[in-house]
Amino acid sequence: MQQWIHTPIEDEEKFNKEVKDVCDIYNNAIELKKSGVHVVSCDEKTGMQALEREITPMTSNHVERPDNTYERHGTQCIIANFDVATGEIISPTIQDTRTEDDFEKHIKETINQDPDAEWVFVVDQLNTHKSESLVKLVASKCNLTDIDLGIKGKSGILKNMDSRKKFLSDCEHKIRFVYTPKHASWLNQIEIWFSILSRRLLKRLSTKSTTELKEKILEFIEYFNIVMA
């Protein structure tokens with residue numbers, strides 16, 4: 001496989017298998033949707049700034065343009081889900097932080113949109129995507145409460161990120177995670193949408209608060225789902 005600006009691959013066979021797993025899920029997303037399985041590409045975009053820009057108004061000779069001066073009003077983080085089968089953004093979370101608890105809560109709220117369905121989340125290898133709270137959520141939602149999960153840092157499923165990842169990616173679970181290879185988060189389709197969000201909205205947006213920034217992003221998502229998805 002040819003790539004660009006990529007760190008050396010330690011295990012080519014493992015890497016190619018992980019790439020194939022992600023691509024196979026994408027290819028099967030529409031058929032899986034018909035059988036009640038949601039395939040969702042999920043990730044975070046941090047540091048979205050609420051910038052109140054100085055704007056030079058339009059004249060007969062010039063278009064309206066933002067100047068190079070602005071006032072900062074804080075930042076927001078979005079945890080977004082790209083429904084691979086429909087191209088829509090579903091159940092977005094926009095707030096100040098993106099901690100382990102934030103991600104677990106986001107996944108929980110997403111699942112609750114269709115609690116009886118099966119869910120496949122494509123994510124990168126960020127530590128919050130392989131957390132203790134996420135394992136406990138999946139165990140609860142999959143009715144695996146009789147399993148001894150062990151103790152974080154010491155034993156069992158919760159021992160470390162590798163053991164937690166193995167549990168979270170188990171194909172037998174109705175809720176599971178498919179991980180992009182290390183240094184290959186560009187395989188995650190939500191990154192395409194983050195680029196659209198940046199180019200179509202954030203690049204020129206002027207807002208007076210993080211509340212207004214959040215409102216504008218949610219309005220854009222609604223527009224995107226109707227017109228562009």
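User: What makes Y223, I226 and V227 a nonpolar surface patch?

Analyst: Keep in mind that this is a predicted model. To join a patch, a residue needs over 30% relative accessible area and no salt bridge, and nonpolar side chains are joined within 5 Å. Y223, I226 and V227 make a patch of about 340 Å² on those terms. V227 belongs to helix α7, which spans residues 210–227.

User: Why is N81 called buried?

Analyst: Buried means under 20% relative accessible area. N81 has 0% relative accessibility, so it counts as buried. N81 sits in strand β2, residues 65–83.

User: What makes the N81–T110 pair a polar contact?

Analyst: The cut-off is 3.5 Å between N or O atoms, one able to donate a hydrogen and the other to accept it. The side chains of N81 and T110 are joined at 2.9 Å, so the pair falls within that limit. There's also a polar atom of the N81 side chain 3.0 Å from the backbone oxygen of I90.

User: Which residues touch N81, leaving aside its neighbours within four places in sequence?

Analyst: Contact means heavy atoms within 4.5 Å. Among those in contact with N81 are V40, S41, C42, H106, F121 and I190.

User: C42 is on that list. How do you know that C42 is in no disulfide?

Analyst: A disulfide needs two cysteine sulfur atoms within 2.5 Å. The structure holds 0 disulfides. For C42, the nearest cysteine sulfur is that of C77, 10 Å away. C42 is also buried, because its relative accessibility is 0%.

User: Which residues of helix α4 are buried, and what covers them?

Analyst: In α4 (residues 132–141), the buried ones are S133, L134, V135, L137, V138 and A139. Their cover includes α3 (100–111), α5 (161–168) and β5 (175–179). Just past α4, N143 takes a positive phi of about 55°.

User: Zooming out, how many helices and strands are there, and what share of the chain is buried?

Analyst: The chain has 7 helices and 5 strands. Of its 229 residues, 41% are buried.

Notes: Residues are numbered from 1 along each chain as its sequence is written. This is a predicted model: local features need pLDDT of at least 70, side-chain atom pairs count only at pLDDT 80 or more; totals for chains, interfaces and linings use all residues. Side-chain values use heavy atoms; hydrogens and water are left out. Patches are made of residues with over 30% relative accessible area and no salt bridge: like charges are joined within 9 Å, nonpolar side chains (Val, Leu, Ile, Met, Phe, Trp, Tyr) within 5 Å. Accessible areas come from the Shrake-Rupley method with a 1.4 Å probe; for residues, only the protein chains shown count as cover. A salt bridge is a side-chain nitrogen of Lys or Arg within 4 Å of a carboxyl oxygen of Asp or Glu. Helices (H or I, at least four residues) and strands (E, at least two) are DSSP runs, numbered from the N terminus. Buried means under 20% relative accessible area, exposed over 50%, partly exposed in between (1.4 Å probe, protein chains only).
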